[in-house]
Every structure is written in structure tokens, then in C-alpha cells.
Amino acid sequence: MNVTRDGIAVAVGAVIAVLLQIVVAPNIALFGAMPNFVVAYALLVAIVRPATAGPVMPFVLGLVFDLVSGGPVGAMAFLLVLMTFLAARAFAVLDNDTLFMPLVIFVAATVLVEALYAAFLLALGFDAGALDVFLYRALPCALYDCVIGLVLYPLAARVLAGAAPAQPGTPRLR
């Protein structure tokens with residue numbers, strides 16, 4: 001497949017992630033924890049396509065999330081660019097052609113994104129204690145994001161890795 005078709009597959013997935021974040025996520029929140037489809041999608045793309053994952057899509061997705069969520073503008077954009085870069089590099093180094101490593105990298109990156117976003121909220125004057133923000137916002141949201149990502153990983157591995165040229169070390173579901 002050519003580069004244009006690969007870009008279209010990633011862009012369509014990004015639009016779907018934004019729509020899910022706006023329409024579905026507020027309706028499936030549990031005890032104040034809302035899933036972050038944008039974070040899950042950006043990290044999945046970085047892990048499934050580590051050689052072609054760039055900073056533009058995570059930045060745009062993070063900026064859209066910041067504008068829609070009412071949080072500090074630029075915080076999620078910065079965190080997504082940073083964590084997708086780190087996740088793609090970690091996957092490139094640690095990949096051993098098993099399902100374990102992509103999932104471990106995804107879970108670690110998700111927890112870091114949510115914890116750092118909570119730190120941004122605290123630093124910018126969120127009216128709550130540090131323990132409350134981390135225990136009642138960051139941790140439940142990270143767990144919810146992990147569940148979303150673990151459910152979507154097989155689909156992303158099939159669709160996005162299937163659109164990209166075969167690369168050594170990229171797990172493929174058959």
C-alpha cells in the first residue's frame with residue numbers, strides 16, 4: 001500500500017477516536033472516571049507503527065482533547081507527543097514478537113500520561129488535594145484507558161499494521 005492510504009487509515013482512526021471521546025466517553029463514565037479514547041488511540045498507533053509514528057497526529061489529537069475537555073490548553077498535546085515518542089522508541093527497543101511487550105508499554109504509557117496530566121492540573125490550580133487527584137482521577141482514568149486500549153489493540157494491530165509495510169518486529173495478528 002502507498003503512503004497516502006496509510007495516512008488515510010490513521011486519520012480515519014483519529015477522527016473516530018475524537019468522536020468517541022466527545023460522544024461516547026461522557027456517557028460511559030464510571031464514578032467520575034471517563035475513558036480517554038484519544039490517549040488510547042495515539043498510544044496504539046505509536047506501538048503498532050513505531051517506525052512511522054510522528055509527532056503531528058498526537059499533537060493535533062491532544063490539542064483537540066484540550067479544547068473539548070476544558071482542561072489546560074496544551075497539556076494533553078504535550079503529553080501525547082512526549083509519550084507516543086517514548087512508547088514508539090520503547091517498543092522498537094523492547095519488542096520480542098510477543099503480545100506481552102506492546103501491552104506492557106501501553107499500560108505504562110497510559111498510567112504516565114494520566115499521572116502527568118493530573119500533575120499539570122494540580123500545578124495549574126485544580127481545586128483538590130494531590131492525593132485526591134491521583135487516587136480518584138488519575139488512577140481510575142488510567143485503568144479505564146487501559147481497558148479501552150487492551151480491547152482495541154487487536155483491532156489496531158490488524159487494521160493499522162495491515163496498512164503499513166511489513167517491518168521486522170511488528171506483531172501481526174493472523
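# Helix packing and nonpolar core

Helix H3 passes helix H4 in a right-handed crossing; a crossing is right-handed if the near helix is turned clockwise from the far one by less than a right angle, and left-handed if anticlockwise. The model is predicted, with local features requiring pLDDT of at least 70 and side-chain atom pairs counted only at pLDDT 80 or more, whereas totals for chains, interfaces and linings use all residues. Residues are numbered from 1 along each chain as its sequence is written, and side-chain values use heavy atoms, leaving out hydrogens and water.

Helices (H or I, at least four residues) and strands (E, at least two) are DSSP runs numbered from the N terminus. Axes are lines fitted to C-alpha atoms, for helices over the stretch in contact, and angles run from 0 to 180 degrees between N-to-C directions.

| Helix pair | Angle between axes | Distance between axes |
|---|---|---|
| H4 and H5 | about 155 degrees | 10 Å |
| H3 (56–69) and H4 (75–94) | about 150 degrees | 7 Å |

Contact denotes heavy atoms within 4.5 Å. From H3, Pro 58, Phe 59, Leu 61, Gly 62, Leu 63, Phe 65 and Asp 66 meet Ala 75, Met 76, Ala 77, Leu 80, Val 81 and Thr 84 of H4. This contact of H3 with H4 comprises ten nonpolar, two polar and one charged residues; Ala, Val, Leu, Ile, Met, Phe, Trp, Tyr, Cys and Pro count as nonpolar, Asp, Glu, Lys and Arg as charged, and the others, Gly among them, as polar.

For the second pair, H4 and H5 pack at about 155 degrees, and H4 is therefore roughly antiparallel to H5. H4 also passes H5 in a right-handed crossing.

The largest nonpolar core has 42 residues, of which Tyr 41 and Leu 61 touch the most other members. Such a core is a set of buried Ala, Val, Leu, Ile, Met, Phe, Trp, Tyr and Cys residues joined through side-chain atoms within 4.5 Å. Helices H1 (3–24), H2 (37–48), H3, H4, H5 (100–123) and H6 (130–163) each give two or more residues to this core, and H2 gives the most, with eleven. Beyond its neighbours within four places in sequence, Leu 61 is in contact with Ala 14, Val 18, Val 38, Tyr 41, Ala 42 and Leu 80.

Arg 158 lies in H6. Because its relative accessibility is 45%, Arg 158 counts as partly exposed, the class between buried (under 20%) and exposed (over 50%), with a 1.4 Å probe and protein chains only.

Note on methods:
Parallel < 35°, antiparallel > 145°, perpendicular 65-115°, else oblique.
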